[in-house]
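Below are my notes on this model, written for a colleague who has not seen it before. Please read them beside the sequence and the structure.

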Amino acid sequence: MQFGGFGGFDIFVIVLVLVVVVTIAMGVRTVPQGYAYTVERFGRYSRTLMPGLGLIVPYIEQIGKRVNVMEQVLDIPSQEAFTRDNAGVTIDAAAFYQVLDPARASYEVSDLSQALLVLTMTNIRTVVGSMDLDQLLSHRDEINERLLRVMDAAASPWGAKVTRVEIKDILPPQDLAGAMARQMKAEREKRAAVLEAEGMRQAEILRAEGEKQSQILSAEGRKEAAFRDAEARERLAEAEAKATSMVSDAITRGDLAAANFIVAEKYIDAIRSLATAPNQKVVIVPIEAAGLAGTLGGIAELTKSVFGGDGASAAKSPRSIPAVTKGTERS
């Protein structure tokens with residue numbers, strides 16, 4: 001019997017070819033990058049197909065689990081936990097994990113993501129309950145490290161590795177947050193007041209040090225000036241004493257010219273002082289011409305004794321004696 005021009009043998013060949021093609025197609029599997037397929041033989045795990053082209057035995061083996069081996073993020077929903085000092089906080093976190101052994105991740109736990117989620121939530125409550133509120137808010141790195149250590153140890157039998165656990169947010173109650181804000185404000189105001197007082201203290205110390213150095217330098221200057229004045233007076237006294245001694249020696253030797261010179265010098269200095277006084281505009285000086293002439297004569301004798309005879313003739317000259325009248329006005 002023939003069907004449409006095909007004999008029974010031809011139909012058998014066509015069916016056989018179709019079966020072979022379907023069998024070959026069932027035995028060839030393409031695994032995408034970032035995934036791994038488990039192969040089950042009669043329902044039992046046999047091996048794992050890695051990314052690329054893989055072959056299985058049709059009708060005997062089949063693909064079991066398609067496992068994502070890339071690093072994945074697990075969003076931990078917000079939950080409320082209580083600290084060691086009974087402060088309720090709301091915590092939001094995220095965990096990152098990667099499957100290292102697809103077979104264990106497929107057959108050691110029924111739902112790896114759900115298992116890691118529940119494990120992370122329970123460990124967050126445990127860690128939060130072991131810390132005070134201030135420590136919880138200021139030690140996020142410590143919380144992340146403790147959670148990572150516990151989670152990684154728990155996920156290791158499942159063929160997964162927890163790479164990171166991050167606390168996204170920690171929210172204390174509103175009333176507690178307000179109290180903390182006021183406390184922080186008071187603490188900052190206290191530190192500002194302390195710093196301001198310290199600055200004023202340092203400024204006063206520096207100002208006092210400056211005044212002290214100024215007074216020390218001023219005292220040193222006055223001391224040096226007094227020393228110089230005393231030294232000058234001492235030298236002047238020594239000079240006057242020496243001059244007086246020389247005059248005394250001259251008088252002892254009978255030389256009256258030296259005495260006349262000293263008297264004339266004092267006389268002229270007195271007249272100069274009277275004439276240059278700031279409170280005097282008109283000075284009336286009663287001068288005895290004979291006394292002044294005698295004085296000038298003494299000066300002439302002294303000059304003669306020092307320089308020779310020319311001085312005596314200059315002293316006796318009429319031009320050397322000024323004409324001074326008793327009761328003359330000088331301005």
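This is a predicted model: local features need pLDDT of at least 70, side-chain atom pairs count only at pLDDT 80 or more; totals for chains, interfaces and linings use all residues.

1. Residues are numbered from 1 along each chain as its sequence is written, and side-chain values use heavy atoms, with hydrogens and water left out.

2. The protein has 9 helices and 10 strands; these are DSSP runs (helices H or I, at least four residues; strands E, at least two), numbered from the N terminus. Of its 331 residues, 24% are buried, where buried means under 20% relative accessible area, exposed over 50% and partly exposed in between, with a 1.4 Å probe and protein chains only. Among contacts with a separation of 6 or more, 63% join residues 24 or more positions apart; a contact means heavy atoms within 4.5 Å.

3. The largest nonpolar core has 34 residues, and Leu 112, Leu 116 and Ile 143 have the most contacts inside it. A nonpolar core is a set of buried Ala, Val, Leu, Ile, Met, Phe, Trp, Tyr and Cys residues joined through side-chain atoms within 4.5 Å. At least two residues of this core come from each of strands E6 (72-82), E7 (88-99) and E8 (160-171) and helices H3 (112-129), H4 (133-138) and H5 (140-155). H3 gives the most, with 9 residues. Another core, of 6 residues, lies apart from it and includes Val 31, Tyr 37, Ile 56 and Ile 63.

4. Helix H3 has 18 residues, which should span 26 Å at 1.5 Å a residue, and its end C-alpha atoms are 26 Å apart, so the two agree; the expected span is 1.5 Å times one less than the number of residues. Its buried residues include Leu 112, Leu 116, Thr 120 and Val 128, and E6, E7, H2, H4, H5 and E8 are among the elements covering the buried residues of H3. Beyond four places in sequence, Leu 112 is in contact with Tyr 97, Val 99, Ala 105, Trp 158 and Ala 160.

5. Helix H5 has 16 residues and reaches 22 Å from its first C-alpha to its last, close to the 22 Å expected. Ile 143, Asn 144, Leu 147, Met 151 and Ala 155 are buried in H5. They lie on the same side of H5 because they cover an arc of only 95 degrees around the axis, taken from the directions from the helix axis to the C-beta atoms. The buried residues of H5 pack against H3, H4 and E8, and the face turned away from the buried side carries the exposed residues Asp 141 and Ala 153.

6. How many aromatic pairs does a search of the whole structure find? There is 1: Tyr 45 and Tyr 107 are tilted, at 5.7 Å centre to centre and 55 degrees between the planes. Rings of Phe, Tyr and Trp (its six-membered ring) pair if their centres lie within 6.5 Å; planes under 30 degrees apart count as stacked, over 60 as edge-to-face and the rest as tilted. Tyr 45 is in strand E3 (residues 44-49) and Tyr 107 in helix H2 (residues 102-107), 62 residues apart. Tyr 45 is partly exposed at 34% relative accessible area, and Tyr 107 is partly exposed at 37%.
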